[in-house]
Amino acid sequence: TKLRCINCEFLKFKNIDEWKNHFIGHWRLDGMTEEKTQCFVKGCMYTEKDSNIAGRLSKLGDHFIETHKFEQAAYRKCDICNLEFYEERKYNTHMKRHDPSFTCDLCKKKITGKIWYRKHIEK
């Protein structure tokens with residue numbers, strides 16, 4: 001089974017994050033009013049009615065993996081510890097853990113990541 005868009009029949013997605021991003025595009029174009037999301041697998045009547053669009057799509061993605069046995073390609077693999085990630089957000093959060101920590105000489109606050117440290121120092 002492939003992830004696809006019910007509005008764009010020809011589009012297929014290799015992972016749930018790509019599918020979510022595409023779906024959110026339709027949701028925005030439709031005025032962000034749709035309050036339910038239905039599984040697109042023929043014969044499946046699963047519908048998610050969470051009022052939060054991100055929660056709704058996450059639950060639908062979980063349904064697709066658990067019920068329809070979707071196996072997705074990893075979005076990215078960490079070069080440092082070799083963990084695989086299926087969503088960009090989770091990969092980015094993980095990579096921050098590998099950032100070195102810095103301590104501000106003025107306030108002694110510990111800050112993770114060069115970019116955040118530079119921003120802190122500029123203030």
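The chain has 4 helices and 8 strands, where helices (H or I, at least four residues) and strands (E, at least two) are DSSP runs numbered from the N terminus. This is a predicted model: local features need pLDDT of at least 70, side-chain atom pairs count only at pLDDT 80 or more, and totals for chains, interfaces and linings use all residues. Residues are numbered from 1 along each chain as its sequence is written, and side-chain values use heavy atoms, with hydrogens and water left out.

**Fold and dimensions**
- From the N terminus on, the order of elements is β-β-α-β-β-α-β-β-α-β-β-α.
- The radius of gyration is 19 Å, whereas a compact globule of 123 residues would have one near 14 Å. It is taken over C-alpha atoms, and the globule rule is 2.2 Å times the number of residues to the power 0.38.
- The C-alpha trace spans about 60 × 35 × 20 Å along its principal axes.

**Burial and surface**
- Of the 123 residues, 32% are buried (under 20% relative accessible area, 1.4 Å probe, protein chains only).
- The chain exposes about 9000 Å², and carbon and sulfur atoms supply 51% of that area (Shrake-Rupley method, 1.4 Å probe).

**Cysteines**
- The disulfide count is 0, with a disulfide defined as a pair of cysteine sulfur atoms within 2.5 Å.
- The closest cysteine sulfur to that of C78 is in C81, 3.6 Å away, so the two are too far apart for a bond.
- C78 is buried, because its relative accessible area is 1%.
- C44 has 14% relative accessibility, so C44 also counts as buried.

Methods. Buried means under 20% relative accessible area, exposed over 50%, partly exposed in between (1.4 Å probe, protein chains only).
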